[in-house]
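Reader: I'd like to learn how to read helices in a model like this one. Can we go through a few features together?

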Amino acid sequence: LWYLLVIDAIAFLAYLAAPKALASASRVLGRVLSRPALGLVVFAVPTILLLLAQPNWAGLPASGQIVPEPEPLAYNAVFFVLGAVLSANRGVIANLRENCWRWGAVAVVAVAVAGAFFALHNSSAADRVYVHYPINITNAVATFACLFALIGLANHYLDKSRPKLRYLADSSYWIYLAHMPIVALLVAVVVDVGSIGTAPAFLFVTVGTIAVTLAAYPVFVRYTPIGWILNGKRKRTRPSLLQRLRPGREPVTQPAEAAEPRA
């Protein structure tokens, strides 16, 4: 999140300094992405080079220092740029929609190959230099293939108003931000109870974390200024808990919130 804030600040300053240059670059990359196979190569190549410079298969900072490290910062910026270009060039998304199943097939194959190299990376061959290169190459290709496939499939099959799905989508960023302390607490509970098996422990921590964060979302986020910033202002479709508990007053129910997808 810190790296994302730094990238946001750099992008904002770049926009203030050279808006025309950024718009021109966006159009060029939009034309590149209009041919998704070419776009995959253009975005995967710098990602691969940045991953190869890392000691492992993930583009993570090597230290916890507040000063961003150049390679992880550039690695995360690649995905930031991809999102910005897709947002500014909606025709690319239409292309991915039309070819969603082709990209789905590419993603399945790429993930299978990347998974095989990942398993090899964690085996006794992990110290062999030649494992580092193919795992990072296939990792980058699989990542962008999955992104293209998921964007295309979502726009093909989730193009109608689904209020419940919209609610979950709106809550997802809050869950991402708030989940870590809940996970730590539930893991501590599992450790205190003793060995209950890996699968039950994983299920308990995952379901418990989602349940707690989802329950907290309408109270602390959705109808507060935080939620307005993240997803736009929302109106309640039913009385809040405080309204239901308030004596002597009938809570006023607002009209159902709009179900139209937000950009």
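Reader: Where in α9 does a kink lie?

Author: First, bear in mind that this is a predicted model. The kink in α9 lies at Ala216, shortly before the proline Pro218, and comes to about 45 degrees.

Reader: How far apart are the end C-alpha atoms of α9, and what should its 25 residues span?

Author: Take 1.5 Å a residue, and the 25 residues of α9 (residues 198-222) should span 36 Å. The end C-alpha atoms are 34 Å apart, so the two values agree.

Reader: And how do I read the pattern of buried residues along a helix?

Author: The general idea is that an α-helix has 3.6 residues a turn, so residues three or four places apart point the same way. In α9 the buried residues include Ala201, Val205, Gly208 and Thr209. Ala216, where the kink lies, is also one of the buried residues.

Reader: What covers the buried residues of α9?

Author: The cover includes α8 and α10 (225-231). Look at Ser171, which is found in α8 (residues 163-193). Setting aside neighbours within four places in sequence, Ser171 is in contact with Leu214 and Tyr217.

Reader: Is Ser171 buried or exposed?

Author: Buried, because its relative accessible area is 0%, and the cut-off for buried is under 20%.

Reader: Which residues is Thr47 in contact with, beyond its neighbours within four places in sequence?

Author: Thr47 is found in α3 (residues 36-52), and its contacts of that kind are Tyr75, Val78, Phe79, Ala140 and Phe144. With a relative accessibility of 1%, Thr47 counts as buried too.

Methods. Residues are numbered from 1 along each chain as its sequence is written. This is a predicted model: local features need pLDDT of at least 70, side-chain atom pairs count only at pLDDT 80 or more; totals for chains, interfaces and linings use all residues. Side-chain values use heavy atoms; hydrogens and water are left out. Helices (H or I, at least four residues) and strands (E, at least two) are DSSP runs, numbered from the N terminus. Buried means under 20% relative accessible area, exposed over 50%, partly exposed in between (1.4 Å probe, protein chains only). Contact means heavy atoms within 4.5 Å. The expected span of a helix is 1.5 Å times one less than its number of residues. The bend at a residue is the angle between axes fitted to the seven residues ending there and the seven starting there.
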